[in-house]
Amino acid sequence: MKDIRSVLKDLVAIRSVSPSIRPEFSPDGEADVCAYLSALFKQPGLDCELREVLPGRPNLFAHLDFGKPQTVVLSAHTDTVPAEDWEGDPFDPIERDGTIFGRGSCDTKASLAVFAHSFLEAARRGDCAFNLTFAAVCDEEAGFAGSQAAATHLKADLVIAGEPTHLHILTRHKGVMRFVLGAKGKSCHSATPELGVNAIYPLATAITALQEQAERWSSEERAGLGTRTLSVNMIEGGQAANVIPASASAHVDVRSLPGDTQEALLDELRSHLPSDVEIHAPYLAGPALETPEDLPLVRRLIDASTLPSISANYATDAAVYSAAGLPSVVFGPGDIALAHTDRESVPLAQVETASAILQRFFDLD
Ligand SMILES: [Zn+2]
């Protein structure tokens with residue numbers, strides 16, 4: 001069996017930048033990760049199932065049926081964010097002082113490597129406290145399409161979604177929603193602005209209203225997860241300095257709390273906006289996560305980690321599974337603060353410890 005370290009390095013070396021973020025990159029990266037994992041599982045004779053989610057972008061599944069009443073799913077995503085600001089080749093994994101550097105190293109190829117290794121180890125032993133499913137899913141960084149597709153057919157008493165949690169079990173996190181706010185006007189020569197309709201003005205009014213909404217939310221702390229947040233992070237509008245702009249738009253990012261629904265949040269925002277701006281249907285939406293820690297499998301995993309459970313601001317595949325009725329938590333080696341940065345890395349000691357935690361979790365009582 002290949003050691004986890006080699007598997008992690010091999011996975012980092014596969015360029016799997018999300019084609020949803022950078023359509024100009026090879027769209028095959030996620031499929032290449034699946035092909036690598038299929039070959040890895042093939043050696044001890046395990047079959048994998050590939051299911052295409054988006055054109056050329058599959059999910060991969062493998063199952064170990066030990067005839068147990070419960071099933072645990074180990075799921076991690078195959079895509080990464082781009083790495084334009086990286087010094088050197090971000091896909092050439094460098095090992096320095098016991099740490100592996102490279103794009104995707106902690107987000108989430110370390111989790112993929114640990115999950116694959118633990119799955120293969122359970123197969124080799126021929127027993128585990130529950131049946132296991134391994135899932136490698138696409139499109140986490142830009143849309144959750146992989147986990148949404150997986151959630152429609154997976155059976156699980158617990159899903160462990162791999163993300164860098166520093167080995168803590170994450171049971172609660174905020175949700176995310178992103179949408180475009182648009183205003184339409186009528187262009188004309190800027191020497192006669194009264195003949196046109198300037199689309200930037202209503203958008204500016206709307207942005208100020210959203211800023212006020214963000215301030216109101218910032219005082220509404222709930223459920224120990226902090227507050228909802230809202231930010232306007234990109235604006236676009238106009239075509240030339242001497243043309244009255246016919247259109248203007250802004251990208252809005254909302255971080256929601258458990259219990260929030262997309263409809264209710266959008267209704268609340270709409271009620272504060274001028275009628276001449278339009279909220280377009282969200283292009284990204286992931287719910288918040290709130291998994292009870294007294295579920296026996298969750299308790300067992302927290303005990304195996306020997307660390308206190310945590311909550312987080314960022315959204316993950318776990319909430320997608322959870323919304324589909326599959327109890328889910330997040331767990332994996334690495335530090336989320338390094339994910340998406342030009343210093344992304346994962347300490348090998350944490351990779352080994354993550355594997356030991358899963359081993360304790362898997363062990364028969
Ligand atoms: Zn990420």
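These are my notebook entries on a predicted model of one protein chain.

**Entry 1: overall form**

I began with the secondary structure and found nine helices and 17 strands in the protein chain. I then looked up the radius of gyration, which is 23 Å. The globule rule gives 21 Å for 365 residues, so I note the chain as being as compact as a globular protein of that length. The C-alpha atoms fill a box of roughly 80 × 45 × 40 Å along the principal axes.

Of the 365 residues, 44% count as buried. Among contacts with a separation of 6 or more, 77% join residues 24 or more positions apart.

**Entry 2: domains**

How is the protein chain divided? I have domain 1 as 4–173 + 288–362 and domain 2 as 175–286. Their C-alpha centres lie 34 Å apart. The contact between them takes 10 residues from domain 1 and 12 residues from domain 2. I sorted the domain 1 side of this contact by class and got five nonpolar, three polar and two charged residues.

**Entry 3: helix 5**

I checked the length of helix 5, which covers residues 200–217. At 1.5 Å a residue, its 18 residues should span 26 Å, and the end C-alpha atoms are 25 Å apart, so the two values agree.

Which residues of helix 5 are buried? I list P202, L203, A206 and L210. These four cover an arc of only 95 degrees around the axis, so they sit on the same side of helix 5. The general rule I had in mind is that an α-helix has 3.6 residues a turn, so residues three or four places apart point the same way.

I next looked at what the buried residues of helix 5 pack against, and found strand 9 (175–184), strand 10 (229–237), strand 11 (247–256) and strand 12 (277–279). On the face turned away from the buried side, I found the exposed residues T208, Q211, E212 and E215.

**Entry 4: L269**

I moved to L269, which lies in helix 6 (residues 262–270). Is L269 buried or exposed? I count 20 other C-beta atoms within 10 Å of L269, and the cut-off for burial is 20 or more, so L269 is buried.

Leaving out residues up to four places away in sequence, I find that L269 touches Q213 and I279. L269 and I279 are 10 residues apart in sequence, and their C-alpha atoms are 8.9 Å apart in space.

**Entry 5: backbone angles**

I looked up a cis peptide bond next. It runs from D107 to T108, with omega near -5 degrees. T108 lies in helix 3, which covers residues 105–125.

I then took up two residues with positive phi. D139 is not a glycine, yet its phi is about 55 degrees. I place D139 in the loop between strand 6 (131–137) and helix 4 (145–151). D139 counts as buried because it has 25 C-beta neighbours inside 10 Å.

F144 is also a residue other than glycine, and I read its phi as positive, near 65 degrees. I place F144 in the loop between strand 6 and helix 4.

How values were computed:
Residues are numbered from 1 along each chain as its sequence is written. This is a predicted model: local features need pLDDT of at least 70, side-chain atom pairs count only at pLDDT 80 or more; totals for chains, interfaces and linings use all residues. The radius of gyration is taken over C-alpha atoms; the globule rule is 2.2 Å times the number of residues to the power 0.38. A residue is buried if 20 or more other C-beta atoms lie within 10 Å of its own, exposed if 12 or fewer, and partly exposed in between; C-beta atoms are placed from the backbone. Two residues are in contact if their C-beta atoms, placed from the backbone, lie within 7 Å. The expected span of a helix is 1.5 Å times one less than its number of residues. The arc is that of the directions from the helix axis to the C-beta atoms. Domain bounds come from an automatic or database domain assignment. Ala, Val, Leu, Ile, Met, Phe, Trp, Tyr, Cys and Pro count as nonpolar, Asp, Glu, Lys and Arg as charged, and the others, Gly among them, as polar.
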